[in-house]
Structure formats: C-alpha cells, structure tokens
Amino acid sequence: MSAIAHATMVLERIYKAAPARVFAAWESVEAREKWAAPNENVRVRYTQADFREGGIDVTHCVEADGKTFETRNAYLSIERETRIVFTEQIFREGVQLSAAIVSVEIAPAGAGARQVVTLQISSFVGDDMVRGYDQGWTAALDQLAKVLEQ
Amino acid sequence: MTQTTHATFVIERAYKHSPAKVFAAWADAKAKRAWFAGGDAWEILSFSFDFREGGKEIYSFKSVNAPDILGNDTTFNDIKPNERLIFTYAMDRNGIRFSVSLACVDIITAGAGSRVIYTEHGIFFDGAKAAAMREAGCSHMLEKLNAYLSA
C-alpha cells in the first residue's frame with residue numbers, strides 16, 4: 001500500500017523588471033544558482049543544464065549540515081518571455097522523494113512583470129515534503145526579486 | 001498572461017485482477033499498445049516503448065475521422081513493480097504542444113483484486129474545457145484497461 005500526498009500551490013509575484021529580464025533569470029544557470037537557494041546556508045550547483053524543450057537540468061542542493069538533495073528537471077514547454085513548464089524530481093541518496101510539475105507564467109504588468117508559479121506536487125514521503133516546497137519556493141522567488149533589483 | 005488551465009483530477013477503479021496483472025498491463029509494450037494506444041477509432045502511426053525509470057514511451061496517432069496528428073511523449077519517472085507508476089507526459093497536436101501532465105498510478109491490493117487510484121496533475125494550454133475532456137478521456141482509458149484485463 002503506497003500513499004502519495006498531492007498538493008497544488010500558486011505563488012504570485014510582481015517584479016520591477018520587464019518580462020525579458022525575468023525570463024532571462026530562469027534561462028541563465030548563473031542567475032539560477034544565485035536565486036534558487038532559499039538561504040545563504042544552502043548551495044545550489046548545476047551538474048547538467050540544458051534550457052530548451054526536451055532538455056534536462058540536474059542540480060545538487062547542499063545544505064549547511066552537508067545533507068544533499070538531487071533534483072532532475074525536464075523542460076516540457078518553453079515560450080520565450082511568456083511560459084516555462086518543467087517537471088521536477090527530487091532525490092535523496094538515490095531515492096525519489098517527490099515529483100512535481102512546475103509552470104511559470106510571465107506577463108507585463110506596468111513597467112514590470114507579473115509572474116505566476118504553479119506547483120502541482122506528488123510527494124512519496126508525506127506532507128512534510130509539500131511544506132518543504134512551499135518554504136523553498138517562497139524563499140527562492142523572494143531571492144529572485146533581489147537578483148532582479150541588482 | 002497565457003491562457004493556461006491547471007487542474008488535478010483523481011479517478012478510482014476497482015479491478016477483479018491482482019496488482020501484478022494490473023501492473024503488467026502498464027509495463028508490457030504489447031499490452032500497453034493494445035489497451036491504451038489502440039482501439040476505438042484511433043490509428044497508431046508510430047509507437048516506441050522503453051519501460052524503465054528515465055525511459056520513454058513515444059507514440060503518434062490520429063482519429064480515423066479527423067486529419068490532426070496527435071503525439072504523446074511520456075517519460076517514466078518512478079517505477080515500483082505491482083505498486084506504483086509515476087510518469088510525465090506531454091501532448092502535441094500537429095506539432096504544437098497543448099498539455100503537460102504528471103500522472104500517478106497507485107495500485108493497491110483489495111481482496112482478490114485491486115484498487116487503482118489514478119491522479120493526474122495537468123497544465124492545459126488551449127482552453128478551460130481541455131481539463132474536463134482529459135478527465136473523461138482518462139476515465140475511458142481505465143475502462144479500456146478493465147476490458148483488456150477481462151478479455
């Protein structure tokens with residue numbers, strides 16, 4: 001008997017940057033290594049990056065105590081400056097903890113951009129993972145605001 | 001903002017067949033092609049199947065009543081034999097992507113048979129009706145699975 005916890009989360013942000021710059025912050029590995037870490041104690045390192053439909057990114061997310069998560073993202077739809085959809089699998093020590101589908105919708109809003117990130121999550125290890133998504137992504141999108149304002 | 005619809009739906013089915021038999025219908029190329037891709041008024045144009053974690057199932061098909069060529073590009077994400085199957089899939093119509101989904105098939109022992117819980121998280125790019133149509137399509141698909149197992 002397996003039990004999968006399913007959840008959907010919508011995170012909306014208004015950024016003081018044009019859609020082109022917001023999109024570029026997702027496209028650039030260098031930018032993502034900066035903002036994807038939820039705080040300064042976590043390091044995100046890409047071991048594979050291929051931002052195009054059909055491409056796959058692999059990252060290692062290392063926490064202060066050395067605990068490492070591996071993520072594997074597969075890009076399934078990319079419309080420049082408008083939409084990015086990818087699936088994200090998270091592993092610890094080779095065991096898959098969750099699978100999620102992430103969509104990023106970007107639209108002009110005044111002089112800036114409105115970004116809606118929708119996470120549809122299936123966790124194989126219970127609700128804690130769902131809370132982890134909420135905390136991790138909320139922090140990352142706030143970091144993205146800082147990167148865009150630099 | 002792009003016209004996208006996000007939806008999650010859950011379909012439950014009870015089968016008289018064991019989890020091993022239900023799982024095999026998803027895991028075997030010949031079986032999967034027979035009950036999932038084929039039948040009804042659909043013509044299969046191409047079909048490839050590589051059932052392992054990270055492997056792909058790619059097929060294209062068309063309705064005998066319409067010219068549109070449809071494509072399904074599936075990646076198997078997590079496989080626990082006789083228990084669970086997680087896959088993601090994208091669908092194209094004439095080369096244009098119109099949906100991306102994450103699907104979970106949970107197979108649970110129930111008496112001499114099994115209970116299947118199919119959950120799909122979908123993102124649909126071409127209108128709000130697409131989610132309801134997908135749910136109806138998946139419901140029909142799980143009926144086809146039952147017919148295949150019972151044949």
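**Strands, sheets and helices**

Modeller: A:Val95 is a place to begin, since it has a relative accessible area of 49% and counts as partly exposed. Please bear in mind that this is a predicted model.

Biologist: In which strand of chain A is A:Val95 found?

Modeller: The C-alpha atom of A:Val95 is separated by 18 Å from that of A:Thr47, and the two residues lie 48 residues apart along the chain. As for its own element, A:Val95 belongs to the strand that covers residues 95-109 of chain A, which is S6.

Biologist: Which strands are the edge strands of the sheet in chain A?

Modeller: Chain A has an open sheet of seven strands, paired antiparallel in the order S1-S7-S6-S5-S4-S3-S2. An edge strand pairs on one side only, and this holds for the strands at residues 5-15 and 43-48 of chain A, namely S1 and S2.

Biologist: What is the bridge partner of A:Arg43 in S3(A)?

Modeller: S2(A) pairs with strand S3, residues 56-62 of chain A, in the antiparallel sense, and five bridges join them. Within S3(A), the residue that partners A:Arg43 is A:Val62.

Biologist: What angle does the direction of H3(A) make with that of S1(A)?

Modeller: H3(A) packs on the sheet, where it touches S1, S5 (83-92), S6 and S7 (112-123) of chain A. Relative to S1(A), the direction of H3(A) makes an angle of about 15°.

Biologist: Is H1(A) parallel, perpendicular or oblique to H3(A)?

Modeller: Helix H1, residues 19-27 of chain A, packs against helix H3, residues 127-149 of chain A, at an angle of about 120°, and their axes are 11 Å apart. Because of that angle, H1(A) counts as oblique to H3(A).

Biologist: How many residues of the contact of H1(A) with H3(A) are charged?

Modeller: From H1(A), the residues A:Arg21, A:Val22, A:Ala25 and A:Trp26 meet A:Trp137, A:Leu141, A:Leu144, A:Val147 and A:Leu148 of H3(A). In this contact eight residues are nonpolar and none is polar, while the number that are charged is one.

Biologist: Turning to chain B, how many of the 11 residues of S4(B) are buried?

Modeller: A residue is called buried when its relative accessible area is under 20%. Strand S4 covers residues 70-80 of chain B and is largely enclosed by the rest of the structure, because the buried ones among its 11 residues number nine.

Biologist: Which residue of S4(B) is the bridge partner of B:Phe61?

Modeller: Strand S3, residues 56-63 of chain B, runs antiparallel to S4(B) and is joined to it by six bridges, and a hairpin of six residues links S3(B) to S4(B). Along this pairing B:Ile58 stands opposite B:Asp73, whereas the partner of B:Phe61 is B:Leu70.

Biologist: Which residue takes a positive phi in the hairpin of S4(B) and S5(B)?

Modeller: S4(B) pairs in the antiparallel sense with strand S5, residues 84-93 of chain B, over 10 bridges, and B:Ile79 stands opposite B:Leu85 of S5(B). Three residues lie between these strands in the hairpin, and the residue with a positive phi near 70° is B:Asn82.

Biologist: What is the average twist from one strand to the next in the sheet of chain B?

Modeller: Seven strands of chain B form an open sheet with antiparallel pairing, in the order S1-S7-S6-S5-S4-S3-S2. Its edge strands are S1 (5-15) and S2 (42-49) of chain B, each of which pairs on one side only. From one strand to the next, the twist averages 20°.

Biologist: At what angle to S6(B) does H1(B) run?

Modeller: Helix H1, residues 19-27 of chain B, lies across several strands of chain B, including S1, S2 and S4. Relative to S6(B), which covers 96-110, the helix H1(B) runs at about 160°.

Biologist: Are H1(B) and H2(B) roughly parallel or roughly perpendicular to each other?

Modeller: H1(B) packs with helix H2, residues 29-37 of chain B, at an angle of about 85°, and the axes are 6 Å apart. Angles of 65 to 115 degrees fall in one class, and therefore H1(B) and H2(B) are roughly perpendicular.

Methods: Residues numbered from 1 in each chain as written. Chains lettered and ligands numbered in written order. Predicted model: local features only at pLDDT ≥ 70, side-chain atom pairs only at ≥ 80, totals over all residues. Heavy atoms only, no water. Axes fitted to C-alpha atoms, helices over the stretch in contact; angles between N-to-C directions. Helix = DSSP H or I, 4+ residues; strand = E, 2+ residues; numbered from the N terminus. Parallel < 35°, antiparallel > 145°, perpendicular 65-115°, else oblique. Contact = heavy atoms within 4.5 Å. Nonpolar A, V, L, I, M, F, W, Y, C, P; charged D, E, K, R; others polar. Buried < 20%, exposed > 50% of the residue type's maximum accessible area, 1.4 Å probe, protein only. Pairing = 2+ DSSP bridges.
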